[in-house]
Every structure is written in C-alpha cells, then in structure tokens.
Amino acid sequence: SDLALSKVWAVAYFERPGFPWSLLRGIAMIVVVGLGLIVTAFLSGLAAGVGHVITGASGHVAAVAASLLVNIGVFWLAFRLATARQVTWRNHFPGALASAVIWQILLLAGSYIVGHQLAHAKSLYGAFGIVLGLLAWLYLQAQATLYAVEANTVRAHKLWPRSLGPPLTAADRQAYALYASAARRHADEHIKVDI
C-alpha cells in the first residue's frame with residue numbers, strides 16, 4: 001500500500017498524502033489493480049491452455065505477451081498511485097517491469113499446477129491444495145513485489161555497494177541520511193546526519 005511504498009522510497013511524513021487523498025488513492029489503486037489483474041489472470045489462463053480456448057504456440061505466446069504488457073501498465077500505475085508526488089514515473093518503471101515479469105511467471109506456474117496437477121486430485125485434497133497454493137502464491141507475489149520496489153529504490157538513489165559492517169561506504173551514509181530525512185514531520189524541520 002501507500003505506507004509501505006512511501007517508507008521504502010524514504011518519503012518524509014509531511015510529503016505523504018493526507019487523510020482524504022490517501023483514502024481515495026488507495027481505493028483507486030484497488031480498482032485499477034483489481035481490474036488489471038483480472039484481465040491478466042484471464043490472459044494467463046488462456047496462455048496456459050485452460051479450457052483449450054487458444055490453440056497453437058503463436059496463440060500462447062500472444063496471450064503471454066499481452067498479459068505481460070497489461071501487467072507492466074498495472075504495476076506502473078499502482079506504484080505511482082501508492083507513492084508521493086516526488087517519486088516520478090521513470091523511477092517506478094524498473095520495479096514495475098520486474099514485478100510484472102514475476103507476476104507473469106507465478107500466474108503461468110499457478111495456471112499449470114491447477115490445470116494439470118490438481119485437476120486429477122480427489123475433490124477434498126484438490127480443494128485444500130488450491131487454497132494452500134493460493135495462499136503461498138499470494139505470499140510469494142507480495143514478497144517479490146516488495147523486493148522489486150526495494151531494488152528499484154537502491155537503483156534510483158544509487159545506494160550500492162553497501163557494507164555488512166564497519167567501515168561504512170558512501171552508499172551506507174547516504175542510506176542513513178535518507179532514513180533520517182524520512183522522519184521529518186514538517187517542511188521547516190532539518191535533520192543533519194553525521195556519521
């Protein structure tokens with residue numbers, strides 16, 4: 001949500017959207033992501049051959065490519081809606097691309113498992129398998145999306161290479177300065193970090 005992305009991008013508290021705008025952006029993000037992911041899940045189901053709606057390799061490739069393009073747009077728009085104004089569209093694109101590729105891989109794998117592996121299971125075991133598989137799938141996607149956003153932040157702020165301990169690198173010092181500046185509650189508040 002917007003809280004997680006604002007924290008990852010080290011957006012200061014006073015620059016984050018307030019109550020009514022945060023709520024409206026959250027609702028818009030749910031609508032956009034929900035509709036977009038329904039479309040991409042449908043296209044991935046077609047690509048995996050569920051129901052044998054599309055035949056041939058060219059149909060599978062076209063459905064995967066269309067689904068991937070929609071995924072990129074959905075994640076890009078969702079990331080933009082979930083962060084403050086100073087994080088630009090350009091900054092969000094690599095994370096949206098990585099998230100869309102991971103989402104597409106997970107959709108294809110999930111479609112294959114449900115269509116080919118769980119279809120032959122007994123009804124009770126198949127229902128449990130689908131529920132547990134869906135929970136694991138959602139967890140993997142959430143983790144992968146957050147890792148993509150964090151990698152995107154590291155790239156945008158040039159926070160690499162980092163050390164595992166003393167001595168600190170320049171990227172370590174910059175990261176600590178970003179963490180401290182994110183705690184600002186007012187525009188007139190100035191935080192100095194001396195490491």
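**Helices, cores and ring pairs in a predicted model**

Residues 24 or more positions apart account for 65% of the contacts (heavy atoms within 4.5 Å) with a separation of 6 or more in the protein chain. This is a predicted model, where local features need pLDDT of at least 70, side-chain atom pairs count only at pLDDT 80 or more, and totals for chains, interfaces and linings use all residues. Residues are numbered from 1 along each chain as its sequence is written, and side-chain values use heavy atoms, leaving out hydrogens and water.

Q: How many helices and strands does the protein chain have?
A: Helices (H or I, at least four residues) and strands (E, at least two) are DSSP runs, numbered from the N terminus. From that end, the elements run α-α-α-α-α-α. The count is six helices and zero strands.

Q: Which residues touch the most other members of the largest nonpolar core?
A: A nonpolar core is a set of buried Ala, Val, Leu, Ile, Met, Phe, Trp, Tyr and Cys residues joined through side-chain atoms within 4.5 Å. Buried means under 20% relative accessible area, exposed over 50%, partly exposed in between (1.4 Å probe, protein chains only). Of the 20 residues in this core, the ones that touch the most other members are Phe75, Phe79 and Trp103.

Q: Which elements give two or more residues to this core?
A: Phe75, one of the core residues named above, touches Ala96, Ser99, Ala100, Trp103, Gln141 and Thr145, not counting residues up to four places away in sequence. The elements that give two or more residues are α2, α3 (57-81), α4 (89-117) and α5 (123-157).

Q: Is Thr153 buried or exposed?
A: Thr153 lies in helix α5. Leaving out residues up to four places away in sequence, Thr153 touches Val8 and Trp9. Its relative accessible area is 6%, so Thr153 is buried.

Q: What kind of aromatic pair do Trp76 and Phe93 form?
A: Rings of Phe, Tyr and Trp (its six-membered ring) pair if their centres lie within 6.5 Å; planes under 30 degrees apart count as stacked, over 60 as edge-to-face and the rest as tilted. A search of the whole structure finds six aromatic pairs. For Trp76 and Phe93, the centres are 4.9 Å apart and the planes at 65°, so the pair is edge-to-face.

Q: How many residues apart in sequence are the parts that the pair of Trp103 and Trp137 ties together?
A: The ring centres of Trp103 and Trp137 are 5.0 Å apart and their planes at 50°, so the pair is tilted. Trp103 lies in helix α4 and Trp137 in helix α5, so the parts tied together are apart in sequence by 34 residues.
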